[in-house]
Amino acid sequence: MLCKFCISTQIFSIYDGDRERMKEHLIVFDTTLRDGEQSPGASMTQEEKIRIARHLERMKVDIIEAGFPAASNGDFEAVKAVAKNIKESTICGLARATKNDIDRAGEALRGANSARIHTFIATSPVHMEKKLRMSPDQVFEQAVKAVKWARQYTDNVEFSPEDAGRSNLDFLCRVLEGVIEAGAKTLNIPDTVGFTMPEQFGQLIHTIRKQVPNSDKAIFSVHCHNDLGLAVANSLAAVINGARQVECTINGLGERAGNASLEEIVMAVRTRQDLFLCDTTIDATHIVPTSKLVSSITGFPVQPNKAIVGANAFAHEAGIHQDGVLKHRETYEIMRAEDVGWGANKLSLGKHSGRNALRSRLTELGIELESEKIFNTTFIRFKELADKKHDIFDEDLHALVSNEATNLQEHYKLVSLTAHSETGKTPYAKVVISEMGKELQAESNGSGPVDATFRAIEKILSSDAELQLYSVNNITSGTDSQGEVTVRLQKSGRIANGNGSDTDIVTASAKAYLSALNNLHSKLQK
Ligand code: KIV
Ligand code: ZN
């Protein structure tokens, strides 16, 4: 039987062979690029957003919330660019329930193959009274008006009563009934402050579906924050009670303690098909590479014991566990590491690989380079890397492309670096950079070669930016692995991340520092 809450293009079911019945489609709505980006320090450039969006598209995410177009020109342009580049997933733009916000979202999404406008207004007493200073009747009217206005742009309109978790049930149901009547096709119930408990939230979804008279005309969605560590549990409780869209982010990135994590929801539903009447169509083998990309772009490391994507998620330390897994894998493993993309760092290419091999591997990885010129420089960097590092893995190629993409738009570029460290001697670095083609150099001592390098760069540029984060990760395993460095800088209230990779971590650090300065430079110019 088909799900009675499915709408037009979203109608489709999954045949569950074992249980001889049809499974309903659980829609995955990823908001890494919108709510995820609202994490302090996690802001992304347009190019970074496109790169993440391409990964999400390959993962078969149904809907990508690309940003909040009315928030800034940068956000508007980023949504527009994602809409232009991504064709398989629906692209969504967030808008407050105002004419201006909705117009901006409609405009940004004009080039999308499939577009959704997501409009919201708060319905909890504390938000209506203290933040909006509006009466419930005014909120009701504005919500209905906003949905009608958004319908001029698309019939794929989602409505969220912000802070639904703390809203009055009868009022919430009244608003939901009104917006369905006005044309909203998806009703998203946010637990904005992560306040609810799983049983309570599940019950809320159940009651709303029963109490709203026209609830069968819309799909129910949930959007849970993780303030009490319950975002995934609350989302799953909602799914058990009939929600058929989950809003989530890669690595659980998001405001404050974050949003529900996509990888945990997808794998919980997939692993416990005995309990769920639905499943997603996510290609889970892209989960780990996407998690790594988001972590490296935002500079937010993934904790080693994080479910699914943590480095230890599939590692067995205790002898008794290792023994059990060797005898029979399922003794201690409920999922297979390779099914979520671990071990996907396949040996890709080597020193003798030519242009065609590189081109076809990049295509297989879904990496599209904008021009032949970028491909040519990428090929040169690939050969340089292959000279230093025998085996080139997929992760190395992602890092290489990422380096090239940032390098091309750079205001400041690293020309050369000499760093010296020797036991008993003061570390030293000499850095040459080019600023719009003009070469500048400086040298400095420091507490270590990285510190000396950053000091030398500061002698040249005097940015006065405050270093907020410095982190190094190895891209693949082995001492010949490339180190990937993330640097976060802050100046005049603006925060910018930068990444750099190289087999030499001091060089990677210099690239990351300059990349953060470049991002800061462009932000401060806006
Ligand atoms: O947390 C929240 O309530 C939101 C809404 C805009 C859906 O992010
Ligand atoms: Zn949110």
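**Reading a predicted model, step by step**

Visitor: I'd like to start with one residue: does Arg116 count as buried or exposed, and why?

Guide: Arg116 counts as buried because its relative accessibility is 0%, and buried means under 20%. Do keep in mind that this is a predicted model.

Visitor: Where does Arg116 sit, and what does its side chain contact?

Guide: Arg116 belongs to strand E6. Its side chain makes a polar contact with the side chain of Glu158, at 2.7 Å.

Visitor: Now the metal. Which residues are the protein donors of the zinc ion (ligand 2)?

Guide: For a metal site, read off both the residue and the donor atom. Here the zinc ion (ligand 2) has Asp35 (OD), His223 (NE2) and His225 (NE2) as its protein donors, 2.0 to 2.1 Å away. Along the chain these donors show the spacing D-x187-H-x1-H.

Visitor: Which parts of the chain do Asp35 and His225 link?

Guide: Distant ones, 190 residues apart. Asp35 is in the loop between strand E3 (27-30) and helix H1 (46-58), while His225 is in the loop between strand E9 (219-224) and helix H8 (231-240). Both Asp35 and His225 are buried.

Visitor: And ligand 1, which residues surround it?

Guide: Start with the list of neighbours, then look at the individual atoms. The residues around ligand 1 are Arg34, Asp35, His118, Phe120, Ser160, Glu162, Asn188, Pro190, Thr192, His223 and His225. By class, this shell has two nonpolar, six polar and three charged residues.

Visitor: How far are polar side-chain atoms of Arg34 and His225 from an oxygen atom of ligand 1?

Guide: For Arg34 the distance is 2.9 Å, and for His225 it is 3.0 Å. Asp35 also has a side-chain N or O atom 3.1 Å from an oxygen atom of ligand 1. Ligand 1 exposes 260 Å² when taken alone, and the protein buries 94% of that. Strand E6 (115-122), strand E7 (157-162) and strand E8 (186-191) are the elements that each give two or more residues to its shell.

Visitor: Let's move to the loops. Where does Arg272 lie?

Guide: Arg272 is in the loop between helix H9 (262-271) and strand E11 (278-279). This residue is partly exposed, since its relative accessible area is 40%. Its side chain makes a polar contact with that of Asp274, at 2.8 Å. Pairs separated along the chain are worth checking too: Arg272 and Ile334 are 62 residues apart in sequence, and their C-alpha atoms are separated by 9.7 Å.

Visitor: Where are Lys60 and Asp464 placed?

Guide: Lys60 is in the loop between H1 and strand E4 (63-67), and with 47% relative accessibility it counts as partly exposed. Asp464 is in the loop between helix H15 (449-461) and strand E17 (466-474). Asp464 is exposed, because its relative accessible area is 67%.

Definitions and conventions: Residues are numbered from 1 along each chain as its sequence is written. Chains are lettered from A and ligands numbered from 1 in the order in which they are written. This is a predicted model: local features need pLDDT of at least 70, side-chain atom pairs count only at pLDDT 80 or more; totals for chains, interfaces and linings use all residues. Side-chain values use heavy atoms; hydrogens and water are left out. Donors are N, O and S atoms within 2.8 Å of the metal (3.2 Å for Na, K and Ca); water is not among the atoms, so sites may look incomplete. Helices (H or I, at least four residues) and strands (E, at least two) are DSSP runs, numbered from the N terminus. Buried means under 20% relative accessible area, exposed over 50%, partly exposed in between (1.4 Å probe, protein chains only). A residue is near a molecule or strand if one of its heavy atoms lies within 4 Å of it. A polar contact is a pair of N or O atoms within 3.5 Å; within protein, one must be able to donate a hydrogen and the other to accept it, and residues adjacent in sequence count only if both atoms are side-chain atoms. Accessible areas come from the Shrake-Rupley method with a 1.4 Å probe; for residues, only the protein chains shown count as cover. Ala, Val, Leu, Ile, Met, Phe, Trp, Tyr, Cys and Pro count as nonpolar, Asp, Glu, Lys and Arg as charged, and the others, Gly among them, as polar.
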